[in-house]
Amino acid sequence: MKQLSLTFIFSLLVLISLAQVNKDGSQVNVSDIKVTLLGTGTPQPLMERFGPSILVQAGSETLLFDAGRGCLQRLRQVKLEYDKINALFLTHLHSDHIVGLPDLWLTGWLITKRAIPLKVFGPDGTKEMAEYLEKAFAYDIKIRVQDDKAPQEGGKLSVTEIEQGVIYEANGVKVIAFEVDHGVVKPAFGYRIEYNGHSVVLSGDTKYSENLIKFAKGTDLLIHEVMIAPDTLSKSDPRYNITQHHTTPKQAAQIFNEVKPKLAVYSHIVKLYGRTEDEIMNRTKADYSGPLIMGEDLMSFAIGDTITVSRPPNK
Ligand SMILES: [Zn+2]
Ligand SMILES: [Zn+2]
């Protein structure tokens with residue numbers, strides 16, 4: 001207990017020191033990369049945690065990672081319109097990470113009259129999915145072009161299927177994809193985004209992954225998924241397989257200890273059978289004493305020489 005409270009105080013002190021404050025008390029906004037958690041949830045249809053989606057703004061690049069349920073509404077909440085998105089990157093093709101795509105793409109196009117296709121990067125199967133989506137919505141796309149005068153090119157998805165390595169470079173921003181271990185879902189990717197000497201790493205969905213540790217080393221901000229289940233869950237339980245696809249708090253602590261990010265943040269929070277976020281944090285902090293935050297929708301991180309955390313105004 002004593003160790004826990006000391007850890008808490010340490011984390012708080014680090015967080016306070018991470019924020020830069022002017023003499024008049026206002027916060028300095030010196031950042032190279034701004035990261036906003038648009039959705040921190042899972043397939044569960046929760047109001048407080050929308051589907052997985054993370055916005056990364058670096059220099060002049062505006063990049064979206066996964067398009068879970070409600071990502072278009074969250075983008076509107078941060079006052080960013082669809083036509084400002086340079087590219088969408090998918091970690092894998094589980095539906096919770098892509099069900100927001102038709103809304104993002106079609107409603108976004110209709111409202112903004114975006115005139116160029118959306119670049120989509122993703123694993124094998126992404127091209128086929130996009131082709132089927134374009135077929136599924138062919139009637140609407142035709143009508144929007146004819147009746148709403150939406151630019152034809154903006155109604156298209158331009159897909160690149162990726163492998164591990166540097167997959168995107170523009171205006172000084174580099175996106176590196178790396179393979180993670182999401183059980184039977186192969187391939188599944190995490191991403192490292194670099195700009196001006198700073199970086200953020202997104203785990204995607206994964207269980208403990210040595211490859212993630214390798215690619216995440218030295219990063220400023222590590223956003224990692226987490227899953228908690230009862231210790232007594234038996235192999236015959238229908239949800240047992242979920243536990244084989246994700247990372248436990250104890251494993252996450254081990255990852256954070258190896259990566260040593262300036263700040264670790266949980267997103268995509270899987271809680272089985274009534275387990276709680278407090279348990280996740282306590283179990284992690286039992287083995288990891290560095291700065292750690294439980295992510296929330298619309299929480300943002302300005303990464304420069306320090307990291308400034310902003311919580312949504314209603315929290
Ligand atoms: Zn997921
Ligand atoms: Zn998944």
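View 1. The model is predicted; local features need pLDDT of at least 70, side-chain atom pairs count only at pLDDT 80 or more, and totals for chains, interfaces and linings use all residues. Residues are numbered from 1 along each chain as written, ligands are numbered from 1 in the order written, and side-chain values use heavy atoms, without hydrogens and water. Donors are N, O and S atoms within 2.8 Å of the metal (3.2 Å for Na, K and Ca); water is not among the atoms, so sites may look incomplete.

**View 2. The bridge formed by Asp-205 between the zinc ion (ligand 1) and the zinc ion (ligand 2).** The two ions lie 3.4 Å apart. His-97 lies in the loop between E4 and helix H3 (101-112) and Asp-205 in the loop between strand E10 (198-202) and helix H6 (210-216), so the pair ties together parts 108 residues apart in sequence. Helices (H or I, at least four residues) and strands (E, at least two) are DSSP runs, numbered from the N terminus. Both His-97 and Asp-205 are buried (under 20% relative accessible area, 1.4 Å probe, protein chains only).

**View 3. Arginine over aromatic rings: Arg-74 over the face of Phe-50.** Arg-74 is 3.7 Å from the ring centre of Phe-50, and Arg-114 lies over the face of Tyr-82 at 4.9 Å from the ring centre. A charge sits over a ring if NZ of Lys or CZ of Arg is within 6 Å of the ring centre and within 35 degrees of the ring normal.

How values were computed: Buried < 20%, exposed > 50% of the residue type's maximum accessible area, 1.4 Å probe, protein only.
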